[in-house]
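Visitor: I have a structure open and would like to learn how to read it. Could you walk me through some of its features?

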Amino acid sequence: MAEEHSEYPRISLPVPQMRSHYDVVVIGSGYGGAIAASRMSRAGKRVALLEKGKERWPGEFPTKLRDCLKEVQYSSPKIHTGNKTGLYQFYNGSNQDAVVACGLGGTSLINANVALEADDRVWQMSVWPNEIRNDQESLKRGYERAREMLQPVSYPSNFPELPKLKTLEEQARLLGDKYHKNFSRPPITVTFENRVNAAGVRQQASTLTGNDCTGINDGSKNSTLMNYIPDAWNHGCEIFCECSVQRIKKCDKTNRYIIFYEWLDDNRTKFKEESRFCPYFVIADVVFLGAGTLGSNEILLRSRSYGLKVGDRLGKGFSGNGDILGFGYNMDNFVNGVGSGDRVASGLDAPVGPCITGIIDMRRDAENVLKGYVIEEGAIPLAVGKAFQIFLKSGSTLVGSKPKNLTYSQSFNRRWRQIRSAIGGFYTGAISHTQTYLIMSHDDNTGQLELVNDRLNMEYKGVGTSDTVMELNKVLEDATTLVNGTYIPSPLWSKFLGRGMVTVHPIGGCGMGKDGNSGVVNHKGQVFIGEGNDVHEGLYVCDGAVIPTALGVNPFFTISAFSERICEYAAKDRGWTIDYDLVNKPIDFNHPLKSYEQNERDLIKRQRKCHELDGGICFTEVMKGYFSTEILSTDYATAELQARSANSTMQFLLTVIAYSAETIVDMDDHSALITGTVSCRALSPDPLLVTRGKFRLFIPDTDKVDSNRMMYNLNLCATDGTKYRFKGHKLVENGKLRDAWEQSTNLYVTQMTTFKATGPTFVSRIRAMFTFNDFFATTVLRHVFSRFLPLEYPSRTFPIAKPFYHQSRPKKDVWEINAEDGVKSTMVRYQGGRKGPLLLIHGAAMTHEMWSTNLIKNSFLDYLLGHGYDVFLVDHRLSPKNSASKEQHTLDGIRLDLAAAVSKVREATGVEKIGVIAHCVGSISTFMGLLDGKIEGVGCLIGSQVAMHPILSFWNSVKLHLQILPLWRHILRQTTFDVRTSPDTNLLNKVVNQLLRFYPVPRNQTCRSALCHRASLCYGTLYQHENLNQQVHDHQHEFFGNVNLTTMQHLNNMGQKKMILDYQGQNVYITKENISNRLNFPICLIHGELNSVFDLTATKKSYDMLRTTNGIDNYTYYEIDKYGHLDCWWGTNAITDVFPKALRHLEETQHLWGYHAGQPKKGFHPSNDTSSDD
């Protein structure tokens, strides 16, 4: 670690000196937080700034690898390692990783300094609120104010020539005129002269060491630590470091905000559990959340879990800003791209320079703003130079793209440079001829941030497999090979590592929107309370999290402009006046311009018998846990965390009594009595008496497939007469033995149990013990070894006692329609109102009852009828109800059925354009018909699980490569495959049924249903069992049937090419012209996160293609968390998790099609959704 730089004294205060209340609390000290602290302090408000990291100044940043490693912290959903105040924080997500800084100054301490404004066309994108799109002047003011404080300038022409800058210009020239004309030296936040800056802080001229990404020690980097933060301190802001904010709570009584934080003092963090669950807090009238994109999202996500009202868009719309990293190794040109320490390394011909000094700006040349990008050169810090050398050597061998057609002399020179590097180190030879590239572009902003195990999970499926990433890596490859170098992509961007991406510019997750349905904050940065227009008046987000789209350029300057704008509006709304005049003298770090008297606050330190029964059983258990009065949902894990933070303990001393072991085993509800006492200070200072308690052992859970519950139902009575009801349960599902045991013994409490049998004789006690243990073990083991239990087959008689959910529906009309090739289909209509009309299209080997089944409480058909839609449902040629399903058909033929159905709906209703909702094969066929023009008159489309790119899931891809279909079709001479079966089927199917016990399914998705197994073989696991009720799982044969193998072969052909094709394997559908001319209308794609039929990238790829071809306005994408394929429409909770998303798309576009075409747009809010589960 470098020695402390004596010029800069400490400006942060010890945490114990924090007051209990401030006018404004700012969380975070990057660009957003630092600007908010400065501007609110200049408005005369008493401000506290809370920073998670430590205060360190130039001279204190590490310069050696071992010191850097001590400052690394690694975060993932499973683990956090390293010091929580470590300077370099690496987030490991799913397909997307991120690197940010933790310290006073945030990521500005280690960024690459480029201060460019966003492309003007970005502001015209529909993702922005109208107040942003129509008010460019406020953004310009923000940019100018940020420019005044950050003082960016281009690398001076009178400074030494930088080889890496010269090389980038040469590469631009070789790439062609369109690249060369866009080469320039961008403005960077680096000081090139000894001076006093705009905040009054003394800075030195850059020594051009190139160590920006580990921290510059010469004082030339214009991080917020050198301007906005000392300016805030100079105007009275109180700064506190090592404060990790956990969550924010709104106090309804005082209308203030409570900020809970963990003090990361070394002594306190030794007590990890106590420190985490006993946080400090500070109260504020106004809060500015500027903890960085990842930090702000994490805080708000946790706050929402604890009860803060925030909309469902939180965490969604995350972007890596299209960041791409690459390296041009061993080029002809001398680059000198490895940092040189505090001074220019001896023996080097030229300095390294700041991290980025040159740019090829391709944004203006892009016809579509989403195609714009910038290429910048970079520098590798000295501390990681040796590791960089090792990576380049191995990377060039494993994944490098080498130049071709080299002369003998060129090949010899390349080899000689490698030898020189091996001998002389990274300042010589091949390493000194290596260029580092950084690209900022546009991704599709569909990443998602969420809390898993109370840790931030960053998920961005398919981000590294987009066409844009492939194309831009090819540009970098060309730029490298043109100078005879080897192109090495980012180490994460490899097939072996899943095409992952790493970003240093995470943005989004709290995006701006017109309301809570489209964003998390309004144009002023205020957090929406729900999905309407109401906001938390005093809660702002002011960092990169508010940006709802990738910018295609380094984002910090735009983040700064937005933060300035947010502060301007916050002050204006409250009648505050911000003093924007710059200080006219250097800061006196011993005497700020404004200060408040400090008062150290006091820290508050926080602290049987059984009746003798005849052949019965009883057990007494002590359960110790935590009790929440705040979390009223079924989120038990969050409730436990909240109760722990309040030290709200709860203890049970209960005795469970069954007068007869046979009773608890044989009775339908498996019930027993509970008596005892409960201690809970949150409810009563005295113990609570359990009255009329009931214990129910392993009762079937009809809302979940193959699951049982152990229920505790307690009536509690306090000494003052207050009565409470306590209900708890343990859920046991199919799975491994360890899972089943944990499920049967977990009540979110710690348990200590005594168990004994009762009875007058030894024999009666043994019998009771055996009866109970046999029942308990049998139930648990049935869930563990479900694969080996007898298979379950569909009933061959009508299930008289089967539960149905009858809904009142309009009269059903039925039509027979004829396709162009003469195949007949049936279509039914339910006229629920004057919205629509809508055509619902089922998938392969299913009937239209997939939409209308009465086996679930709320079918999608009834949901639409309840909202006034005129609904048509077709049984095309693959429906088991259609006699044509017994013949062989291609998907080309199915599109003809759908064309006829659409035409019939238009004829029957008289509308020009209708809405269509299509699932699986129905969706593929619909896109085929639309693309080749067979289907006309569709004005709105919802595609479920797949669209134009049938990219198969892992196990379906395995089956494809194992040639299962040709085996079944040509070797076993089968023409169809029926998922329905019976114990009396033929020998071939009996063998298949038994083998399918061992078909690989996702965790906890095993069951005994032979139909379910066969469907998994044919299509992949069709649903997450926990999302289905028992009825629909047991009676799927009512709308499932056989599928012809010609259809499956056609699907396989598409799966191999990962795109829709005709049966001859030709791409007659997906052309840019077809997409531009025939799919330029509102389309919504829905995909279950856990889909085991089609990979998530199937719809993502189609979504990206639609957006890049036609722009973003018409297209919507929903990834349904914790849902699979069919459960998106059959799930018990689909009415709240899925249906409203489909309805939103219909309602928001109904002015463009159907009965309401041409009428004013009305919009949609979930509050309009009047459907009920009752």
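**Reading the model, feature by feature**

Guide: Let's begin with rings: a search of the whole structure finds 31 aromatic pairs. Rings of Phe, Tyr and Trp (its six-membered ring) pair if their centres lie within 6.5 Å; planes under 30 degrees apart count as stacked, over 60 as edge-to-face and the rest as tilted. One of the pairs is F860 with W1129, which is tilted, at 4.8 Å centre to centre and 55° between the planes. F860 lies in helix α21 (residues 860-866) and W1129 in helix α32 (residues 1127-1130), so this pair ties together parts that are 269 residues apart in sequence. Helices (H or I, at least four residues) and strands (E, at least two) are DSSP runs, numbered from the N terminus.

Visitor: Where do these values come from?

Guide: This is a predicted model: local features need pLDDT of at least 70, side-chain atom pairs count only at pLDDT 80 or more, and totals for chains, interfaces and linings use all residues. Residues are numbered from 1 along each chain as its sequence is written, and side-chain values use heavy atoms, with hydrogens and water left out.

Visitor: At what angle do helices α4 and α15 pack?

Guide: Two packed helices are described by the angle between their axes and the distance between the axes. Axes are lines fitted to C-alpha atoms, for helices over the stretch in contact, and angles run from 0 to 180 degrees between N-to-C directions. Here α4 (residues 136-150) and α15 (residues 556-574) pack at about 110°, with axes 7 Å apart. The two are therefore roughly perpendicular (angles under 35 degrees count as roughly parallel, over 145 as roughly antiparallel, 65 to 115 as roughly perpendicular and the rest as oblique).

Visitor: Which residues make the contact?

Guide: Contact means heavy atoms within 4.5 Å. On the α4 side, the residues include L139, Y143 and L150, and on the α15 side they include F556, F562 and Y569. By class, the contact has nine nonpolar, four polar and six charged residues. For these classes, Ala, Val, Leu, Ile, Met, Phe, Trp, Tyr, Cys and Pro count as nonpolar, Asp, Glu, Lys and Arg as charged, and the others, Gly among them, as polar.

Visitor: In what order do the strands of the open sheet stand?

Guide: Two strands pair if DSSP finds at least two bridges between them. Four strands form this open sheet, in the order β21-β20-β15-β24, with antiparallel pairing. β21 (455-459) and β24 (507-509) stand at the edges with a single partner strand each, so one side of each has no neighbour in the sheet. From one strand to the next, the twist averages 40°. Strand β15 (residues 316-319) is joined to β24 by two bridges, and K316 has G509 as its bridge partner. Helix α10 (residues 292-305) lies across β15, β20 (447-452), β21 and β24, at about 50° to β20.

Visitor: How many bridges pair β34 with β35?

Guide: Seven bridges pair β34 (residues 812-818) with β35 (residues 824-831) in the antiparallel sense. W815 is the bridge partner of M827. Five residues lie between the strands of this hairpin, where G822 takes a positive phi near 90°. β35 is also joined to β37 (residues 869-875), by six bridges and again antiparallel, with Q831 opposite D870.

Visitor: Do β4 and β6 run parallel or antiparallel?

Guide: Parallel: four bridges join β4 (residues 72-75) to β6 (residues 88-91), and Y74 stands opposite F90. By contrast, β6 and β7 (residues 96-101) run antiparallel, joined by four bridges.
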